[in-house]
Structure formats: structure tokens, C-alpha cells
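Hi everyone, thanks for making time for this.

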Amino acid sequence: DRFYNTSSQAAMSLSLIYLNGNGVPEDEAAARLWAERAMRENHGPAVKAAADMYYAGYGGPKNQRNALMDYELAGEARHAGALYAAAQRREGGEGAGAKRKKAMELYARAGQLGSAPAIYALAVAYDKGDGVEADPERALTLYKIAALGMNAPAQTAIGTYFYEGGSTLGKDLVEARAWFE
């Protein structure tokens, strides 16, 4: 098990070395090859890195369908960033079967793993009733959770809630100012 983790981490390190040209000439194809090797061992960060390479076309042709599948695979390995990326791709209509409901599910899973941007995306959805039933109180709760994760847009949204009196808590300029600062 220790070799397994070391092997995938070493392959991922080599991928980054080739991608960034650290001590070797930059080589996107080699970077992609090493990321794919680490990915085969289901190393979450490597799966996300390979998906990023597929999505952007680093080291080979763009393959957004494979990227979307790999983001979701990395999510199965509990990689919050990969789940967030998959949700963004689904929400943006990229990849086969893009659906808002699936994006919301992926945002929720990423949020459960601690992704503040995913929690913020859910808060916006509940705030606007976009893909879910509008629920300002739930939105405010989610904004606060995302804000605790140092998500600046969430902090601004909370300040706006209090400035405009957008919740049942009413208008509170002192509270609004605290969130804006």
C-alpha cells in the first residue's frame, strides 16, 4: 500500500515537472503521460490533473467528454476540486447529458468535502431559485458556510443580504458593514 501511494505520487510529481519545465524541457505530452499513469492508480489529484489536461488539450487533443468523466472519477476518490470542476462543466452545458440537477448534486458532494466555491454555488442557486426551489434562509446559511471557507463572493453576498434586508433578519447596516470589510 505504501508503494502504491508513493508510485502514484511520484508519477504525479513527474507530470508536474514536465508540465512546468522544472529542470527538464517543458513537455506537455510527457506531463499528460505521467498524469495518466498516476490516474490509473486512482490517485485523486492525478485524476483531476489528467482531466484538466484533457479539458485544455495539454499534451494531446482536447477531450471534454473524457475530462468530465475523469472529474467525476476523481470525485469518487473524494477530491472536492474535481467534483466542483465537474459541476461547473455540467452547469455550463459541456459534455454529454449536461443537466442543472446533476450539477447541483456535484456541488453538494463537493461542498460536503469542504469546497467553499461549491457551497457558494449552491447558495446562489437557493438564493435565485435556479435549479432548486428558492429558499433565502437556506441560501444565507450556505453563504455563511462558504464565507467561513474564506470565499469572498459569499462574504459580499452576506453583506448585501444585511444591507438590503434580504432575509427574515431584516436590514442591519452594522452587520452588513462587518461582512463588507
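**Core, loop and salt bridges**

Let's start with Y71. Leaving aside residues up to four places away in sequence, Y71 touches K48, A51, D52, Y55, A82, L83, A85, A86 and R89. Please keep in mind that this is a predicted model.

Now, where does Y71 belong? Y71 sits in the largest nonpolar core, which has 41 residues. Together with Y107, L142, Y143 and I158, Y71 is among those with the most contacts inside that core. Which helices build it? At least two core residues come from each of α2 (28-40), α3 (44-56), α4 (64-76), α5 (80-91), α6 (100-112), α7 (116-128), α8 (136-148) and α9 (152-164). The helix that gives the most is α7, with seven residues. As a general reminder, nonpolar side chains tend to be buried together in soluble globular proteins.

Next, a backbone detail. M150 is not a glycine, yet M150 has a positive phi of about 65°. Most residues other than glycine have a negative phi. Where is M150? You'll find M150 in the loop between α8 and α9. Buried or exposed, then, for M150? With a relative accessible area of 67%, M150 is over the 50% cut-off, so M150 counts as exposed.

On to the charged pairs. How many salt bridges are there? The count comes to four, and I'll show you some of them.

One is R32 with E36, where the closest N and O atoms are 3.6 Å apart. Both residues lie in helix α2, four residues apart, about one turn of the helix. R32 has a relative accessible area of 8%, which is under 20%, so R32 is buried.

Another salt bridge joins the side chains of E72 and R90, at 2.8 Å from N to O. Here E72 is in helix α4 and R90 in helix α5, so this pair ties together parts that are 18 residues apart in sequence. Both E72 and R90 are buried.

Finally, have a look at R177 and E181, a salt bridge whose closest N and O atoms are 2.8 Å apart. R177 is exposed, with a relative accessible area of 56%, and E181 counts as exposed too, at 71%.

That's my tour, and I'm happy to take questions.

Key
Residues numbered from 1 in each chain as written. Predicted model: local features only at pLDDT ≥ 70, side-chain atom pairs only at ≥ 80, totals over all residues. Heavy atoms only, no water. Core = buried A, V, L, I, M, F, W, Y, C linked by side-chain atoms within 4.5 Å. Buried < 20%, exposed > 50% of the residue type's maximum accessible area, 1.4 Å probe, protein only. Contact = heavy atoms within 4.5 Å.
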